[in-house]
Structures are given as structure tokens and as C-alpha cells.
Amino acid sequence: MIAKTATIFIPIVIIAWITATMLVPQVTNPRPRPTLLNKTVTLTDENYEVGYPLTLRKGERIDVEASGDGQPIDFRITDNQSSTLIQERGKTFYDLPWTAPVDGNFTFYVSASVGDITATLIVTEG
């Protein structure tokens with residue numbers, strides 16, 4: 001009876017130990033998502049809008065964070081034909097998931113209606 005219990009129990013313990021040693025580090029310290037774009041710029045009255053190009057594949061999911069460091073900014077994404085795909089206005093922070101509708105080049109813009117605003121744009125793989 002003890003041998004039969006040990007035969008069942010030992011493999012379960014081994015599997016649990018291997019699972020714990022492999023998964024616990026991944027759960028407690030997940031790998032950061034790859035950053036595709038990370039830019040900080042000071043928007044001024046003369047330089048009130050800045051665009052950053054990024055090439056994406058159809059269906060590629062990304063997360064976009066745009067911040068005006070406590071000041072309101074505008075944010076938009078355009079395609080390679082300058083058609084606006086997303087436009088947001090007047091917030092201090094944006095956190096948007098987005099999926100590229102086609103293969104191509106897209107431009108991510110941050111702008112401000114008043115000068116001397118530090119804007120940060122971060123795009124990571126979703």
C-alpha cells in the first residue's frame with residue numbers, strides 16, 4: 001500500500017516542483033513587452049505637433065500611452081495616406097490598445113494648443 005501511494009505521490013510532487021520553478025519566476029517577474037517607440041519631446045508654440053512613424057503588420061496589436069506630464073495634449077494616428085485613424089483631444093494621459101488594420105506605415109502624433117508641454121509617447125507590443 002505504501003509503495004503504491006509513493007508511486008503516485010512522487011511523480012505528482014516532481015511535476016508540481018517543476019511547474020512551480022518554471023512558472024513562479026514568470027508570474028512574479030514577467031518579461032516586459034517589447035517597446036516599439038519611446039519618445040519624449042517638448043511641445044512649444046513653434047513646434048506644437050510632432051509625429052513619429054512606425055511600420056506595423058495587419059492585425060498587429062499595440063498599446064499606446066501618451067502623456068502631457070499633467071497638461072492636456074492631443075493624440076492621433078494616421079496611415080500612410082494621411083487619413084486619421086484615431087483622434088483624441090484634451091486629455092493629460094491616453095492608454096489605448098489598437099490593432100493595425102493593414103500592413104503599412106503609420107504616424108503617431110502628439111500636439112498641444114499651448115507651448116512648453118513635455119509630451120511622452122510610448123508604443124509597446126500588445
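Three aromatic pairs are found in this structure; rings of Phe, Tyr and Trp (its six-membered ring) pair if their centres lie within 6.5 Å, and planes under 30 degrees apart count as stacked, over 60 as edge-to-face and the rest as tilted. This is a predicted model, in which local features need pLDDT of at least 70 and side-chain atom pairs count only at pLDDT 80 or more, while totals for chains, interfaces and linings use all residues. Residues are numbered from 1 along each chain as its sequence is written, and side-chain values use heavy atoms, with hydrogens and water left out.

Let's start with Trp98. Its ring forms an edge-to-face pair with that of Phe106, at 5.3 Å centre to centre and 80° between the planes. Trp98 also pairs with Phe108: the centres are 6.4 Å apart and the planes stand at 90°, so this pair is edge-to-face too. Trp98 lies in strand 6 and Phe108 in strand 7 (residues 104-111), so the pair ties together parts that are ten residues apart in sequence. Strands (E, at least two residues) and helices (H or I, at least four) are DSSP runs, numbered from the N terminus. Together, Trp98, Phe106 and Phe108 make one aromatic cluster.

Now follow strand 7 itself. Six of its eight residues are buried, so strand 7 is largely enclosed by the rest of the structure. Strand 7 pairs with strand 2 (residues 49-56) in the antiparallel sense over eight bridges, and with strand 4 (residues 73-78), also antiparallel, over five bridges. Two strands count as paired if DSSP finds at least two bridges between them. For example, Thr55 has Asn105 as its bridge partner in strand 7, and Phe75 has Val110.

Thr107 is another residue of strand 7, and Thr107 is buried, with a relative accessible area of 18%. Leaving aside residues up to four places away in sequence, Thr107 touches Gly51, Tyr52, Pro53, Arg76, Ile77 and Thr78, where contact means heavy atoms within 4.5 Å. The charged end of Arg76 sits over the ring of Tyr109, 4.1 Å from its centre; this label requires NZ of Lys or CZ of Arg within 6 Å of the ring centre and within 35 degrees of the ring normal.

Next, look at the open sheet of four strands, which has the order 1-8-3-6 with antiparallel pairing. Its edge strands are strand 1 (35-43) and strand 6 (93-99), each of which pairs on one side only. Inside this sheet, strand 3 (residues 61-67) and strand 8 (residues 117-125) run antiparallel and are joined by six bridges.

Finally, what about charges? There are four salt bridges, each a side-chain nitrogen of Lys or Arg within 4 Å of a carboxyl oxygen of Asp or Glu. One of them links Arg33 with Asp63, whose closest N and O atoms are 2.3 Å apart. Arg33 lies in the loop between helix 1 (2-28) and strand 1, and Asp63 in strand 3, so the pair ties together parts that are 30 residues apart in sequence. Arg33 is partly exposed at 42%, whereas Asp63 is buried at 16%.

Definitions and conventions:
Buried means under 20% relative accessible area, exposed over 50%, partly exposed in between (1.4 Å probe, protein chains only).
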